[in-house]
There are 2 protein chains.
Amino acid sequence: MRILVLGGDGYLGWPTALHLSQQGHDVGIVDNLIRRHYDEEMGVSSVVPIRQLQRRVATWKEVSGNTIEPFVGDLNDHQFVTRVLQQFEPEAVVHFAEQRSAPYSMIDREHAVYTQVNNVVGTLNLLYAIAELNPAIHLVKLGTMGEYGAPNIEIEEGFIEVTHKGRTDLLPFPKQPASFYHLSKVHDSHNIMFACRIWGLRSTDLNQGIVYGQHTPETALHADLETRYDYDAVFGTVLNRFAVQAAVGYPLTVYGKGGQTRAMLDIHDTLACVELTCNNPPAEGEYRVFNQFTESHSVRDLAERVAKVGSGIAGLGEVRIESIPDPRVEKEEHYYSAVTTKLPALGLQPHLLSDETIAHLIETAVKHRHRVNVEAIRPTVNWRTTKSEVSVSGGAVGE
Amino acid sequence: MRILVLGGDGYLGWPTALHLSQQGHDVGIVDNLIRRHYDEEMGVSSVVPIRQLQRRVATWKEVSGNTIEPFVGDLNDHQFVTRVLQQFEPEAVVHFAEQRSAPYSMIDREHAVYTQVNNVVGTLNLLYAIAELNPAIHLVKLGTMGEYGAPNIEIEEGFIEVTHKGRTDLLPFPKQPASFYHLSKVHDSHNIMFACRIWGLRSTDLNQGIVYGQHTPETALHADLETRYDYDAVFGTVLNRFAVQAAVGYPLTVYGKGGQTRAMLDIHDTLACVELTCNNPPAEGEYRVFNQFTESHSVRDLAERVAKVGSGIAGLGEVRIESIPDPRVEKEEHYYSAVTTKLPALGLQPHLLSDETIAHLIETAVKHRHRVNVEAIRPTVNWRTTKSEVSVSGGAVGE
């Protein structure tokens, strides 16, 4: 299958592109390389060094014999979007190409507006280009479980049957997103659902949980193929960030009570879910939602797991946990339960969180710990204010 | 109360500003005057001639003795937004300042992107400015009943109690908007609800039905104070458009079966609802939704009402109804029921649709019928295509 991976230079886009290429698909990558620019803005870097996109695809060609065609450009440039779709002629487009950090979107007005315009307009441009050029293209869109928030009922996969005053309808599951970033994904979901309805497009919205892990079978083949590993308070997601904190002897920072429970999955499963989705496209005009996660954990439980595993690694000493005031506006204790049956029904075999995975993450961070700027770990973006300071003293640590 | 009316040069914004001024409030108007530019773009004009904003407020001063301060500028210019809020120091901001035509948003990619960016970013800028300058300001936001679509259950006011698998929660009512314009209002609603939650803002989202009518007690005081009266397929809303069609002897164009049922209200009630809302602000941090309409009608029934009344007006002859293919993607027959209790509870006394109102609308159009460009009546924007042609041969008809 010809698959275009948008955002194919990022944390998940890159290993997904490699995985799809390894499985025999013809893969192209579209990226404006802005994720690297965010690092410059924040004064941080991936714990594991990553190569430039051009070098990545060249090494992949050497290692695997497979070609991945890179297209450098911006989805907000609609002529570029049209040109790439015309040139590559994809059967599926996997869309990771959005600003994906909640704290980044909450820095100030400029970052909120940037996140919503960038994400919404990029996706609109894509919908129009697909409708105009080839409505049969399957749009595989990365959403987030964070679109749902934390309702007091079980979260269904995109739609819920509601019986009200004696009448029944299947309706979009109500959304209660918790940042301007999460809101941008909710906006996207509504726009995509509508485009499928009016133009007969086919799309799968993958409401993904928080991903952890850094190695995949393909990225492990050569140092040039490594993917990002973020630990900073803006782009570092919870488990990866804890592993780096453990590696550098920084207490694991739990926000508030730590009862925040989130759907999660191993990076291996992200790759498998995307491929299963591509291989099983929806019908013409169908908009469907898959909840893409394998297990749920509270932040407190994750911290305890990482502390236990880290404390057992020689040379690290005892890993401590520190509760700090929650910079976000969110429930610190709440009911959380979400359904995920559609991806398992397509054949997903989950990799559940193991101590080995945690140890491997910590050990990877230990190997590169001279690259960690500990100033970037403590959260500086506060949901309650309209303007946060994010400059990191010390700046990015090079090789 | 000091009230700033955003979009105060438009069809509803202008009479709302006059009404609030007449009731003794200190009123300011913010408008970028873009609605007048859309007319130029489409090659149409309001059936009733309207004066420039500066003349409007000067005449209002002469007629009423009251000052309305005009601020000409764009909500997408955040420095302008901040400056106006600092200068005027409003207690309430009534926000009509959005691109409000569904067909306009469906013309092509450029118009879809413009509508969503213009509406969403304008509202984001406003939320930030309010949070920074004075979170106590009450944001009265114009939403639309079209945000809900046409679900098979009764539409509640913004939130619905859902019981699911033995658990219950009060959740945002699911949204199924039917154009990129309606989607922009859904995006706004989600953004506003979030801003209230994190910053303690107070906002009322007025999900308004389709408004009909053109005269209000204040606009009737002087010809300079008249508000817009649109009939074209892009900006003309259903009842007003039918009245103009009847006036010029053009068959009433019903889209498809005409079973589309919509919540509606008289322009008098719009003014009353906005004032009642301003006078009864929500609590700090509260985001509430009022369904702002008084009755529901199917398009077919409206056409029959207008045809009957029009056929009885001397000199018009028999008013015919013509069914044309629906240019929109929507259900042509469906269940429709929506709750509206909150505005009546505040004291709203509805003006229900009367034959007198219809006759008055038709007679107003008859008086100005030389200004109608009949070429602009038939819909040219089709939801099923990504690019529609909207230029009108003949162009705008002047005085």
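**Exercise 1.** Which strands of chain B does helix α9 lie across, and at about what angle does α9 run to β11(B)?

*Solution.* The model is predicted: local features need pLDDT of at least 70, side-chain atom pairs count only at pLDDT 80 or more, and totals for chains, interfaces and linings use all residues. Residues are numbered from 1 along each chain as its sequence is written, and chains are lettered from A and ligands numbered from 1 in the order in which they are written.

Step 1. Find the elements; helices (H or I, at least four residues) and strands (E, at least two) are DSSP runs, numbered from the N terminus. Helix α9 of chain B covers residues 267-279.

Step 2. This helix lies across β9 and β11 of chain B.

Step 3. Its angle to β11(B) is about 75°. Axes are lines fitted to C-alpha atoms, for helices over the stretch in contact, and angles run from 0 to 180 degrees between N-to-C directions.

**Exercise 2.** Describe the sheet that contains β9(B) and β11(B).

*Solution.* Step 1. The sheet is open, with three strands in the order β9-β11-β13 (chain B) and mixed pairing. Two strands pair if DSSP finds at least two bridges between them.

Step 2. At the edges are β9 (210-212) and β13 (295-298) of chain B, each pairing on one side only. From one strand to the next, the twist averages 45°.

Step 3. β9(B) and β11(B) (residues 261-266) run parallel and are joined by three bridges. Opposite I210(B) stands M264(B) in β11(B).

**Exercise 3.** Describe the packing of α4(B) against α6(B).

*Solution.* Step 1. Two packed helices are described by the angle between their axes and the distance between the axes.

Step 2. For α4 (residues 78-88) and α6 of chain B, the angle is about 40° and the axes are 9 Å apart.

Step 3. The two helices α4(B) and α6(B) are therefore oblique (under 35 degrees counts as roughly parallel, over 145 as roughly antiparallel, 65 to 115 as roughly perpendicular, the rest as oblique).

Step 4. Residues are in contact if their C-beta atoms, placed from the backbone, lie within 7 Å. Among those making this contact are L85(B) of α4(B) and L126(B) of α6(B).

**Exercise 4.** How many residues does each chain give to the contact between chains A and B?

*Solution.* Step 1. Chain B gives 42 residues and chain A gives 42 residues.

Step 2. On the side of chain B that touches chain A, α6(B) gives the most, with twelve residues.

Notes:
Two residues are in contact if their C-beta atoms, placed from the backbone, lie within 7 Å.
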